[in-house]
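Please look over the structure below before reading on.

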Amino acid sequence: MENSIQKQITQNDSKHPAVRAVNQAQEEEVRDFLIQLLSQDELLFAKFRAFVSHEVTRADMQAYKKQVSGVVKKYLGRDRFISYQEASAFTDEMGAFLTGRVQDMLDDQNYMEAFELTSYVFMEVGGVDIDDSDGGLGMLMEQCAEIWNEILECADAQTERKIYRWITKHLDGEVTDYMEDYMEQALMDGFSGREYLEEKLAYTERKAQEEKQHADSWNARYHTQKWAMYHIRLMEEAGAAMQEILCYCKEHWECAQVREYYINRCMEQKDYDQAIAALKESLAMDAGMPGLARQFGARLKEAYRVSGRQEEYRQQLWQLATKDNAGSLEDFRELKSLYAAKEWAQVREELFSVLPAGAHVERFYQEEALYDRLLDFVLQARGLYAAQQYEEVLKEHYPQQLLQKYADELKEMAGLAADRRRYQEWASILRRMLQIEGGQEKVSEIVAEWRVLYKNRPAMMEELRQFDTGSRLK
């Protein structure tokens, strides 16, 4: 495979000054100069040796690692922190190292050395204190993971085994969670074959049990669930009987994702009784967690529906629409579909009466074309958010009331000290009012009043000039 240096020489040919200089020199001079240069620079010597022999020695590896550590040390500085201003340069330099040195090793099929050096970069970079607001560190970690995948696709059995040992050894809590994610992905996606499948099954089961010993910790519960789900995935891959997998789920019943998996499989097998029992238990276990309550509540509603338990389905949908997922238009519409028009009017009023505060009942007013109630809601709401949100429908039915709402809020705003940015916002509101029937008169009235009250605010007066008679906004 052609080396990158050879590519450069081919591209630059004899016109390049370096080529001309070497061609003009005596062979003995070139050899003496090269020996002197390489003896003084171990990193350059490592590059030269890889270029001519396509092999990488331990001394070469030490030189490359020393280069990586030197880059880290350079950017960390005395305060041991890489600032936002330097973070991109740091990750770019490390990325260039991977695409240069490591890629050369891959080209020469030195897979174990390529993995060792990539892993060294991964561990060194992952351990630095850096402002990674731009996400460069994550992209560098991703680059390392992609190289691992490439190596695993090509490596021989011995190299693959060494890589497996390295990954499982380092997944012991010594690295941060985001670094573990990349290593776990490499573990789960690579190392195919029955031998590794059995080993990974044993490994994931052990990890889940170890984490479970510290179940009082949120972090441990998270990791227990993660490893349990990895194990379930491997059980499926190994062709385990579904009953065996479901029994394993019971061993980690405290994990919401495990219960979700169990419920999904029960639903697929049309074992609705088991699914419903698990869903009810999940709702009791996760009662203090609104997100999970909505998730399992919605699944329970579906389980009742598909199993033909109509009354229980209706009751669970009511629970969602009025409590667990109050304010959801989707649930509201689904509930409405279960009633005749005359019956729905009464049910709807009952629903409105039990909705919790903050459930966005105004969405339902608009949905049901109860525009008088929607107007009352908007008029009572502080600020203009609700007025602007429902402006399109209200300006058609209640233009004067809507204009007055805008005028009242603007009057309150203008009474406070403000800057030009705020004046521009008020002018924007006035322009919106011009698009409502009767808006021209109301805006002219407000502008005239402000010119008198706030004549000592020059910036405000400048913003009001756009509303002068004859203006294109008239």
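**From one methionine to the whole protein**

Leaving aside residues up to four places away in sequence, Met-229 touches Gln-257, Val-258 and Tyr-261, where a contact means heavy atoms within 4.5 Å. This is a predicted model, in which local features need pLDDT of at least 70, side-chain atom pairs count only at pLDDT 80 or more, and totals for chains, interfaces and linings use all residues. Residues are numbered from 1 along each chain as its sequence is written, and side-chain values use heavy atoms, with hydrogens and water left out.

Met-229 sits in helix H12; helices (H or I, at least four residues) and strands (E, at least two) are DSSP runs, numbered from the N terminus.

H12 supplies the largest share, four residues. Among the lining residues are Trp-218, Arg-221, Tyr-222, Gln-225, Ala-256 and Arg-259. By class, the lining of this pocket has seven nonpolar, one polar and four charged residues. Here Ala, Val, Leu, Ile, Met, Phe, Trp, Tyr, Cys and Pro count as nonpolar, Asp, Glu, Lys and Arg as charged, and the others, Gly among them, as polar.

Pockets and cavities are both found on a 1 Å grid over the protein atoms alone: a cavity is a set of points where a 1.4 Å probe fits but cannot get out, a pocket is an open set with protein on both sides within 12 Å along at least five of seven lines, and lining residues have an atom within 4 Å of a point. Grid points are joined across faces, edges and corners, and a volume is the space filled by probe spheres set on the points.

Three cavities of 30 Å³ or more turn up in the whole structure. The largest cavity holds about 40 Å³. Its lining includes Tyr-84, Ala-87, Ser-88 and Thr-91, together with Asp-131 and Gly-136. Helix H6 (residues 84-107) gives the most to this lining, with four residues. The lining has two nonpolar, five polar and three charged residues.

Across the protein there are 27 helices and zero strands. Of the 474 residues, 42% are buried, meaning under 20% relative accessible area with a 1.4 Å probe, protein chains only.

Terms used. Buried means under 20% relative accessible area, exposed over 50%, partly exposed in between (1.4 Å probe, protein chains only).
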